[in-house]
Structures are given as structure tokens and as C-alpha cells.
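Dear colleague,

I am passing on the structure below, and my notes on it follow. Please read them with the model open beside you.

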Amino acid sequence: EIFSGKAVTHEDIKYEQACVLYNLGALHSMLGAMDKRVSEECAAGAFTYLRDHFPHSYSVDMSHQILSLNINLMLGQAQECLLEKSMLDNRKSFLVARISAQVVDYYKEACRALENSETASLLGKIQKDWKKLVQMKIYYFAAVAHLHMGKQAEEQQKFGERVIYFQSALDKLNEAIKLAKGQPETVQEALRFTMDVIGGKYNSAKKDNDFIYHEAVPALDTLQSVKGAPLVKALPVNPTDPAVTGPDIFAKLVPMAAHEASSLYSEEKAKLLRDVMAKIEAKNEVLDQFMDSMQLDPETVDNLDMYNHIPPVLMEKCAALSVRPDTVRNLVQSMQVLSGVFTDVEASLKEIRDLLEEDEAQEKKLQELLGRVPPAPGSPPGLAEVSKECSKYLELHEKASFTNTELHRAMNLHLGNLRLLGGPLEQVRAALPTPTLTEDDKQVLQNLKRILAKVQEMRDQRLSLEQQLREMIQKDDITTSLVTTDRSEMKKLFEEQLRKYDQLKVYLEQNLAAQENVLKALTDANVKYAAVRKGLAEVEHKWNTTVQTLVASYEAYEDLMKKSQEGKDFYTDLEGKAAKLLERARAVCQASQAQRQQLLERELKKQVPPRPTAPKPPLQKKLPELEPVGPEAAELGSLALSDL
């Protein structure tokens with residue numbers, strides 16, 4: 001026995017055959033591991049034949065669980081090869097996602113076999129290592145599936161779905177990385193490369209959605225699950241085929257006629273099974289395609305239960321706000337303080353600008369009065385620096401003003417939602433949309449669910465009958481009868497023996513025939529359900545959108561408070577600088593006004609002649625007055641120019 005090393009002996013030639021088949025499957029798996037990953041042929045055929053045609057009581061390593069484990073491991077690895085080929089061939093994203101999802105399904109089946117208590121006790125430490133590796137592969141290929149679902153969402157311009165698929169892929173990949181400790185460096189390198197790809201995709205998608213598309217990001221469980229596409233199968237193994245087994249080494253130990261007759265009877269049984277399975281598979285294919293086109297899940301046809309309670313993610317946010325009752329008030333106060341500082345800075349910068357503009361106007365007025373550009377006695381120190389610094393502060397203020405406006409807009413957007421989350425739970429529940437169904441709508445739903453239950457009952461019965469047929473064929477051994485039956489009577493014996501399957505065949509035929517009526521009834525029910533389904537889908541979309549919006553408002557609170565504080569710090573600093581600059585501007589403009597006054601007085605003295613001894617001026621002329629600059633500048637009196 002392969003795991004425990006115990007000797008196992010059975011006085012049964014079938015046990016020898018079973019051992020050969022097991023070794024054949026093991027050999028195929030080794031050859032597959034050595035071969036290039038371009039072929040999806042796998043070693044599952046030998047293990048499948050062993051599981052389906054031989055007793056499971058020979059030894060524990062030939063138990064149903066162990067063989068199912070081997071089969072699903074082989075199929076999973078074969079599907080991996082097909083996945084790699086599909087990715088290299090640049091197949092469509094949705095197809096790659098389905099192929100990867102099927103890899104996950106195969107490994108999940110293998111994991112279930114590993115978790116069986118009998119298997120765990122048998123394998124010991126190997127079971128833990130294998131389980132850890134299989135779980136790592138489950139998470140890894142689930143991440144690959146969601147990566148390509150995200151790519152498909154991107155192709156369809158569903159940018160919210162793209163974000164959640166990439167987020168899910170990132171989460172699953174992180175789980176795979178945790179389980180990959182102790183794996184070879186090649187595995188670690190593959191995981192790091194995949195992290196670079198998925199991480200880059202997620203960061204880019206989230207940034208684009210946050211700043212460009214602004215689409216609501218749906219919850220992952222609200223999206224349709226990825227259904228696996230099984231594109232590999234176990235290659236059939238016929239242990240009586242000389243091309244596989246070579247010459248019969250025991251031919252002389254059994255009468256050749258009985259041996260041949262047994263083979264012929266086995267072929268008759270196989271033919272019967274093939275005929276029945278062909279009908280079953282044809283009906284199953286029609287049923288699967290029909291149900292896929294309907295997209296009807298009996299568990300979520302109405303989905304009414306979710307409207308009876310507040311979702312846990314929203315309850316968590318409500319609970320968090322209930323212990324912080326001042327959330328909204330703190331946010332409003334913070335934004336009011338920011339607005340106050342913003343206004344003060346704007347007023348200071350406006351006054352500085354007005355002072356500079358007034359100073360410039362007075363300078364032009366003096367030039368007009370004198371009719372020329374006066375000789376520069378030297379500009380007051382700091383005027384150019386004040387102007388330059390004012391321009392810099394105005395530019396900073398203008399840029400920050402846009403951010404401030406956006407911050408206020410974001411606050412107004414989330415304020416109502418924060419008040420709702422911090423209020424009574426009844427108000428939160430009332431804010432969530434709920435469907436309104438008439439009695440006729442409820443009747444339509446009940447009828448649809450009843451027919452869907454019939455479909456499932458039909459499936460279960462069909463599977464049960466198929467398993468019974470397989471078990472009967474496996475146990476059907478007429479070797480004793482064949483040895484004692486004349487060759488001429490063989491055909492008659494076969495016919496008599498095969499009649500034992502007639503009853504099961506009748507039941508299966510009835511089951512298959514019923515499918516058409518069931519699907520017709522389901523089609524009629526679905527037509528009536530269409531209007532109800534549309535209404536329920538719209539309400540569910542509104543419900544999910546409302547939940548996501550409320551959660552987003554809660555998560556935006558800390559960011560708003562942080563940005564508000566940053567804005568206050570920025571404007572407090574700018575306010576101090578603007579106040580100092582205003583004082584400098586006043587002083588510089590006052591000095592500039594004094595210089596102009598001095599220049600004007602010097603020019604007047606140059607133009608006035610000596611005063612006569614007996615002046616009787618018939619006329620007095622006044623020069624226009626220069627307006628004082630700034631509220632603190634000294635008033636200048638009128639200067640008269642007499643006897644010109």
C-alpha cells in the first residue's frame with residue numbers, strides 16, 4: 001500500500017489488474033510532468049477506469065476518495081496546460097476566465113477529497129502539504145480568473161466592475177502568497193510577477209475610476225459568478241485492448257472461448273451504457289444551455305430576504321458613527337473655520353493689490369501733471385519685492401481656491417449621508433429601496449420556484465438512475481455461466497442477461513421524455529416572470545447603489561477631515577504671510593507717496609519767478625491735487641502757483 005507501506009494481499013485477479021491500472025496512471029502522470037506544457041492530455045483515464053470498474057475495498061490508496069483526488073489533480077493540471085495555451089494565443093478574456101475557473105473547480109474537488117477524514121488519517125503529513133499546495137493553486141487560479149473578468153469589464157467599459165474584479169484578484173493572490181511559503185523559488189517568482197501585473201491593473205483602474213469615471217463599485221457577490229469551462233477529459237483506457245496491454249499472458253489458464261465470450265458480453269454492456277449515456281448527455285446539454293440562457297438561480301430568483309435587514313457592511317458603519325456622535329458637527333465646524341481663514345486671506349491679498357494699483361495710478365497722474373517722466377529719485381525700497389510676493393501669494397491662493405471649492409462640494413455631497421448613518425436605524429432601513437409586489441407578482445414567483453424545483457428534482461433523479469446503471473454493469477459478472485454455456489447459445493444468454501437492465505432503462509426514458517414538458521412549463525413561467533424580474537433587478541440595483549453610496553460617504557469622512565485640516569494649516573500659514581506683506585505694502589506705498597510729494601515741490605520751485613514788491617495777483621492757478629495713497633498716508637494740501 002503506497003502511503004503506509006503495509007503489505008496488501010487479495011486472492012483475486014482483479015486486484016492484480018487494479019494495481020497495473022494504478023501504476024499505468026502513475027506512469028502517465030510522470031510522463032506528463034516531464035513533457036512540455038503544450039498538450040492537455042492527462043493521466044486521469046487510468047484512474048477513472050479504475051474507480052468506475054473495480055471495487056474500492058482492495059486497499060486504502062484505491063479508495064474512492066483517493067482515486068477521485070488523483071483524477072481531479074490530473075484534470076486540474078491538464079486544464080492548466082490548456083489555460084496557458086489560451087493565454088499565449090491571446091484568447092478572449094471571458095474564455096480565459098472560464099478556463100481558469102474550471103482549474104479552480106478541479107482543485108476544489110481534489111481539496112474536498114483531501115479533507116475527507118479517512119484520507120487525512122491515511123496521508124498524515126503529506127495530506128497537509130498537498131492540501132496547502134492545492135489551496136494555493138485554488139486562490140492563484142481564482143485570481144487569474146478574476147483578472148481576466150476585470151479585463152472583460154474593461155473591454156465593455158464597465159469601470160466599476162473592473163475595479164472590484166481586480167480588487168478580488170489582488171485579495172485572492174495575497175492568500176495564495178501566504179500559502180506559498182516553502183514553495184520553490186520558481187513558484188515565488190511566478191507569484192511576484194503576477195502581483196506586479198494584478199497590482200498595477202488594480203491601482204490604475206481604481207485611480208481612473210476615482211478621478212475620471214466615478215462609477216459605483218458593486219459588491220463582488222452581486223456580480224454573476226464565473227462558470228468554469230471543462231475543456232479536458234480523461235482519455236478512455238481499455239484494459240482488454242492488445243494495443244495497450246500486449247498479448248494475454250494468462251490466455252492458457254482460461255478457456256479461450258469463455259474469455260472471448262466474456263469480452264463480447266462486456267462490449268454489449270459497454271454498448272448499452274454508451275447508448276444510454278449518449279441520450280442522457282444530449283438531454284443534459286440541452287438542459288444546461290436552456291438554463292444558462294434563462295439565467296435563473298432557484299436560490300436568488302426573488303432575493304426578497306435581503307431587503308428585510310440592513311446589510312452587515314452598513315451596520316458596521318452605523319455602529320462606528322454611533323460612538324462618534326459629533327462626526328457631522330466636527331466636519332461642519334472644521335469647514336467653517338477653513339472658510340473663515342480663506343476669507344481673511346482673500347481680504348488681505350485684495351487690500352495689498354488695491355494699494356499697489358492705487359500707487360501705480362498716482363505715479364501715472366504725476367507724469368501727466370509734469371508732462372514728462374520725472375527723474376527717478378529712486379523707488380522706495382521693497383515695492384518690487386512686495387508686488388512680486390503679492391503675485392506669488394495670489395497664485396497660491398487661486399490654486400488653493402479650486403481645491404477648497406472641491407472640498408466644500410465633496411462635504412455637501414456626503415453630509416446628508418453621514419447624518420443618515422448617525423441617526424436611528426429605522427431611518428437607514430427606510431432609506432434603502434424595497435420592492436413592492438402585488439399578489440399576482442407573488443403568485444408568479446411561487447410558480448416559477450416550483451417549476452425550478454421540478455427541474456432540480458429531474459436532474460437528481462437522472463443522476464441517481466445513471467449511478468444505479470453503472471453499478472449494475474460493474475457488478476454484472478457472468479463468467480461462471482459462460483464457462484458452462486455452449487458457444488451457440490451465447491447470443492441467447494447475452495439477451496437474457498441484458499434484460500435485467502430494462503426496468504432502469506424505462507425509468508431513464510421517462511425521465512428524459514419529461515424534460516420537454518418541464519422546459520415548456522418553465523418557458524411559460526419565465527415569460528410571466530419577465531416584468532417582475534425587471535422590477536426586482538431595478539430595485540436591487542438601486543439598493544446596492546444606495547448601500548455603496550452610504551459606505552463611500554462614511555469612508556470619505558476621515559479623508560475630508562484630513563484635507564480640511566491641511567487646508568486650515570495652509571491658509572493659517574498664508575494668512576500670517578499675507579498680514580506681514582500688507583504691513584510692508586502700506587509702509588512702502590506711504591514712502592512712495594512721500595517721494596512723489598517731494599519731487600512735485602522741487603519741480604514747482606524751479607518754475608516760480610521772484611515775487612514783485614507790490615503783488616496784486618489778478619489770477620491764481622492751482623495745480624491738480626495728488627490723491628493720498630492708503631488710509632494712513634498724510635493728506636497733501638493744494639500748492640498754488642502765483643504770478644505765472
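H7 passes H8 in a left-handed crossing, where left-handed says that the near helix is turned anticlockwise from the far one by less than a right angle, and right-handed would be clockwise. Helix H7 covers residues 159–179 and helix H8 residues 185–213, and the two pack at an angle of about 150° with their axes 9 Å apart. That makes H7 roughly antiparallel to H8, since angles over 145 degrees count as roughly antiparallel, under 35 as roughly parallel, 65 to 115 as roughly perpendicular and the rest as oblique. The axes are lines fitted to C-alpha atoms, for helices over the stretch in contact, and the angles run from 0 to 180 degrees between N-to-C directions. Among the H7 residues that meet H8 are Phe159, Val163, Phe166, Leu170 and Ile177, while the H8 side includes Leu191, Met195, Ile198, Tyr202 and Tyr213; contact here means heavy atoms within 4.5 Å.

Before going further, please keep in mind that this is a predicted model, in which local features need pLDDT of at least 70 and side-chain atom pairs count only at pLDDT 80 or more, whereas totals for chains, interfaces and linings use all residues. Residues are numbered from 1 along each chain as its sequence is written, and side-chain values use heavy atoms, with hydrogens and water left out.

H7 also packs against H6, at an angle of about 165° and with the axes 8 Å apart. That makes H6 roughly antiparallel to H7, and the crossing of these two helices is left-handed as well. Within helix H6, which covers residues 125–155, sits glutamine 152. Glutamine 152 is buried, with a relative accessible area of 17%, where buried means under 20%, exposed over 50% and partly exposed in between, using a 1.4 Å probe and protein chains only. Once its neighbours within four places in sequence are left aside, glutamine 152 is in contact with Ser93 and Phe94.

Asparagine 90, with a phi of about 55°, is placed in the loop between helix H3 (64–88) and helix H4 (93–115), and at 69% relative accessibility it counts as exposed. Histidine 214 also has a phi of about 55°; it lies in the loop between H8 and helix H9 (242–245) and counts as exposed at 56% relative accessibility.

Phenylalanine 570 and valine 341 are 229 residues apart in sequence, and their C-alpha atoms are 9.6 Å apart in space. The unreviewed UniProt entry annotates residues 342–372 and 448–475 as "coiled-coil region", although such annotations may be inferred rather than shown by experiment. In the model, residues 448–475 are 100% helix and 0% strand, and the end C-alpha atoms of that span lie 41 Å apart.

As for the protein chain overall, there are 18 helices and 2 strands, which are DSSP runs numbered from the N terminus (H or I, at least four residues, for helices; E, at least two, for strands). Of its 644 residues, 36% count as buried. Among contacts between residues at least 6 apart in sequence, 84% join residues at least 24 apart.
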